[in-house]
Structure formats: C-alpha cells, structure tokens
Amino acid sequence: MSNKPDIKLYTAATMNGWKPVIFLEEADVDYDLVHIDFSKKDQKSNWYMQLNPNARIPTIVDRGNDDFVVFESGAILWYLAKKYQKFLPVGDKQHSQALQWLMFQMSGIGPMMGQAMYFQRIAAPQGHEEQFSIKRYVDESRRLLEVLDKQLNGKDYILGDQYTIVDMATYPWARSYYWAKVSLDGLDHLNAWFKRIDERAKTQKALTIPKAFPAFFGKGDVAQAEAANAARFKSDVKA
Ligand SMILES: N[C@@H](CCC(=O)N[C@@H](CS)C(=O)NCC(=O)O)C(=O)O
C-alpha cells in the first residue's frame with residue numbers, strides 16, 4: 001500500500017482551476033498538487049493530454065480508485081463529493097437540484113464570463129477591441145448573475161442552508177465580476193453570498209493555491225496583471 005494521498009490534482013490559478021482546491025481544502029483532504037504552467041504550455045503537452053483530451057485544467061487522478069482520471073471541473077467536484085460524502089445534499093431530488101445549478105454554472109456563468117474576460121482582458125489589450133462581442137458577453141453575464149441573485153433570495157447558499165459543491169463551482173467565477181467588468185448594482189443577495197464565502201477561511205486559502213491572482217477580484221496591481229495575463233494567452237488571439 002502506498003502512503004501517497006489518493007488524489008493527485010493538476011491545476012493552475014484560475015476560476016476553474018481553484019474549484020477542486022476549494023473542495024479539498026474545505027473537506028480537509030490530503031492531496032498532491034501538480035502546478036500546470038500555462039506559459040510553458042504544459043496543458044497542451046502529450047503527457048497531460050493523455051489525462052485530459054481537452055488540454056485544459058483541472059484534472060484529477062484518484063490513486064485510491066485504480067488511477068481513475070476525471071477531467072471537467074464540474075465532474076471533478078461531483079466525483080469528489082461522492083467519494084468523500086461531503087458538500088452534496090442527500091436525496092435524488094436534491095441531487096437533481098445540485099446538478100441543475102452546477103450545469104447552470106458550467107454552461108452559463110463560466111463560459112459567458114470567460115468570454116467577457118477574454119474580449120476585454122486579453123483581446124482588447126492586443127488591439128482587438130470588439131465592442132459588439134464585449135456587450136453581448138457582459139450583458140449575458142449580468143443576466144445570469146441576476147438569475148443567481150434571485151435564487152439566493154432567502155438562502156445562505158445556492159441550494160439552501162448548506163455550503164455545497166455548487167457554491168464552490170460558482171463562487172470563483174461570480175466573484176471575478178470585476179475582471180469580467182460586470183456590474184453588481186442592485187444584486188444584494190449575491191453580494192451577501194459573496195460576503196459569507198469571503199469569510200470562509202479554507203475557501204480563501206484555496207484561492208491562493210497554487211497561487212493567488214488578486215486582480216481577478218479588483219485587488220493589487222490590476223494593470224500589471226492584465227498585461228502579464230494577455231501576454232500568456234497571446235497565441236489565443238487570432239484575427
Ligand atoms: N469546461 C472546462 C473548462 C476548463 C478551462 O477552460 N480551463 C482553462 C482555465 S480556467 C484552461 O485550462 N486554460 C488554458 C488554455 O486555454 O490553454 C472545465 O470546467 O474544466
């Protein structure tokens with residue numbers, strides 16, 4: 001029997017990349033971490049694409065389950081919640097509700113905010129300022145955050161009283177509204193939820209692993225962070 005931890009996590013400091021770190025820190029699970037370096041294109045290397053055919057982070061390998069590989073951040077959270085029996089409400093209907101809001105994050109909030117970020121923080125600084133695309137993605141992100149705000153009315157967390165993998169998936173994205181340049185005006189329930197999670201020490205620690213990126217939250221030297229980030233993804237900007 002190896003005494004290595006079951007979970008080996010391949011990740012980087014991004015909204016999707018932090019999701020499994022949040023779970024593992026909140027659940028007090030021991031894990032090994034491999035930092036995928038985008039500047040070296042680790043995510044596109046042959047060895048990594050054997051694990052993740054999509055060439056994106058995060059990915060986990062479960063040594064405790066025949067080296068089973070899981071990619072896609074929502075599927076990783078679901079797998080970890082089932083394995084450790086934590087942060088997922090019990091019952092079929094509750095599972096369906098959790099999946100609905102997890103899908104809402106994975107197919108809506110993540111992609112729309114991700115494109116709002118791409119057009120404003122990566123393409124625009126490199127001379128491709130596409131106002132039509134920026135407006136489309138910023139407006140759609142705002143609409144989705146309004147849906148989330150309504151869901152949070154009268155609740156501490158997205159599914160109710162309990163902090164779950166759905167909050168873990170959604171918080172890193174929604175909390176980066178500054179980086180996506182989406183207004184939060186009038187979204188009081190969302191702001192209250194941010195405050196609640198801002199106070200969770202283990203989640204906040206997770207947002208520094210493998211490293212912090214304070215500019216996503218409007219802190220630190222945003223201009224310097226934008227330039228470094230745009231340079232890192234320079235090859236993704238093709239007219
Ligand atoms: N749907 C995937 C998306 C993963 C994804 O886009 N990851 C980004 C970081 S947030 C990435 O690996 N970017 C590197 C690249 O685009 O080469 C998931 O949720 O796991």
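The largest pocket has a volume of about 980 Å³, a volume being the space filled by probe spheres set on grid points joined across faces, edges and corners. A pocket here is an open set of points on a 1 Å grid over the protein atoms alone, where a 1.4 Å probe fits, with protein on both sides within 12 Å along at least five of seven lines; lining residues have an atom within 4 Å of a point. The model is predicted, so local features need pLDDT of at least 70 and side-chain atom pairs pLDDT 80 or more, while totals for chains, interfaces and linings use all residues. Residues are numbered from 1 along each chain as its sequence is written, and side-chain values use heavy atoms, without hydrogens or water.

Lining this pocket are 34 residues, with Asn16, Arg56, Gly114, Trp173 and Phe233 nearest its centre. Two or more lining residues come from each of helix 1 (15-26), helix 4 (92-123) and helix 10 (222-232), helices being DSSP runs of H or I with at least four residues, numbered from the N terminus. Helix 4 gives the largest share, 10 residues.

Residues around the ligand (a heavy atom within 4 Å) include Thr14, Phe38, Arg56 and Met106. Polar contacts (N or O pairs within 3.5 Å) reach ligand oxygen atoms from the side chain of Ser73 at 2.6 Å, the backbone of Ile57 at 2.8 Å and the side chain of Lys44 at 3.3 Å.

Definitions and conventions
A polar contact is a pair of N or O atoms within 3.5 Å; within protein, one must be able to donate a hydrogen and the other to accept it, and residues adjacent in sequence count only if both atoms are side-chain atoms.
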